[in-house]
Amino acid sequence: MKSRFRSLWTALRRPPKADPEYLASLSQVVNHLRHAKRLLVITGAGISADSGLPTYRGIGGLYEDKMTGDKVPIEVALSGEMLRLEPQLTWKYIHQIESACRGAHFNDAHRIIAEMQDRFENVCVLTQNIDGFHRDAGSRNLIEIHGNIHELHCIKCDYDAWVPDYSAIEIPPRCPKCTALVRPRVVLFGEMLPEAALEALYQQFRQGVDVVLSIGTTSVFPYISGPVQQARRAGIPTIEINPGETEVSTIVDHRLRQRAVVAMQNIWSQL
């Protein structure tokens, strides 16, 4: 009886047998990384899902349908135009997004990417996320293409501030220097991407990239799928980590259909 029980317990504890296709892809990914010096890592909401954050649609798709409780599409509520016309409404949904992030922290995927800086000559992170987790984890060469929700600035004067969360600020906040509206330094719908961030991305390709790694993003924006396409045309190995289908799934060289944390742990353990 004890022997049968021990055998059953051993079987239950044994991890599920890995998919041979996944193991083959993992081996090829690790091989590319072993021979690389300069990495471009592109991340989206999927990398922060393991931190307990809800996945977003666009800049803040915390909502399953397109209409908010105020009967306007979330893309309208979170637009630069609405911020100008009705800042209270836009700030209401910005505050909801920040509240959903509050108390969460970076996870092993963010940590491993930061630790890769000690192994490779250069690791540039291009992220769509506004949660600041890559910065918190220690990534230094970081392009926050949509900004950072913790950074606030006045729309009129030079006032700016960094806040850990929005629990202590009035909504919508006013500038302590000139009383004008204060907003987060993020890209709202209908607004231009920051030129400095785009230039930093172009500079990475000018300096050279050996591997492009896309993690947890559906790649619907051209400035996110574009680097993958450009690398593919140039013969640079491209890798995608995502459990689902994305805009670049059919063009990348290798796919790991796995959550970001699990895939990055698997990669890091073999490097």
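Which residue in S7 is the bridge partner of Thr43? In S7, Thr43 has Ile215 as its bridge partner, and the views below start from there. This is a predicted model, in which local features need pLDDT of at least 70 and side-chain atom pairs count only at pLDDT 80 or more, while totals for chains, interfaces and linings use all residues. Residues are numbered from 1 along each chain as its sequence is written, and side-chain values use heavy atoms, with hydrogens and water left out.

**View 1. The whole chain, to get your bearings.** The chain holds 11 helices and 9 strands; these are DSSP runs numbered from the N terminus, helices being H or I with at least four residues and strands E with at least two. Of the 271 residues, 48% are buried, where buried means under 20% relative accessible area with a 1.4 Å probe and protein chains only. Contact means heavy atoms within 4.5 Å. Among contacts between residues at least 6 apart in sequence, 64% join residues at least 24 apart.

**View 2. Strand S7 and its two partners.** Strand S7 (residues 211-215) has 5 of its 5 residues buried, so it is largely enclosed by the rest of the structure. In a regular strand the side chains alternate between the two faces of the sheet. Both faces of S7 are covered, with Val211, Leu213 and Ile215 buried on one side and Val212 and Ser214 buried on the other. Strands count as paired if DSSP finds at least two bridges between them. Strand S1 (residues 38-43) runs parallel to S7 and is joined to S7 by 5 bridges. Strand S8 (residues 238-241) also pairs with S7 in the parallel sense, over 4 bridges, and here Ile215 stands opposite Ile241.

View 3. Look for Gly44 in the loop between S1 and helix H3 (45-48). Gly44 is buried, with a relative accessible area of 1%. Leaving aside neighbours within four places in sequence, Gly44 is in contact with Gln128, Asn129, Ile215, Gly216 and Thr217. Ile130 is 86 residues from Gly44 in sequence, and the two are 9.6 Å apart in space, C-alpha to C-alpha.

**View 4. The open sheet S5-S4-S6.** Here 3 strands form an open sheet in the order S5-S4-S6, with antiparallel pairing. Strand S5 (160-162) and strand S6 (182-186) stand at the edges with a single partner strand each, so one side of each is left without a neighbour in the sheet. S4 and S6 run antiparallel and are joined by 5 bridges; Cys154 stands opposite Val182 in S6. S6 is mostly covered, as 4 of its 5 residues are buried.

**View 5. The lining of the second largest pocket.** A pocket is an open set of points on a 1 Å grid over the protein atoms alone, where a 1.4 Å probe fits, with protein on both sides within 12 Å along at least five of seven lines; lining residues have an atom within 4 Å of a point. Of the 15 residues that line the second largest pocket, the closest to its centre are Ala104, Phe133, Asp136, His150 and Pro164. Helix H6 (87-101), helix H8 (133-137) and strand S4 (147-154) each supply at least two lining residues.

Terms used: Buried means under 20% relative accessible area, exposed over 50%, partly exposed in between (1.4 Å probe, protein chains only).
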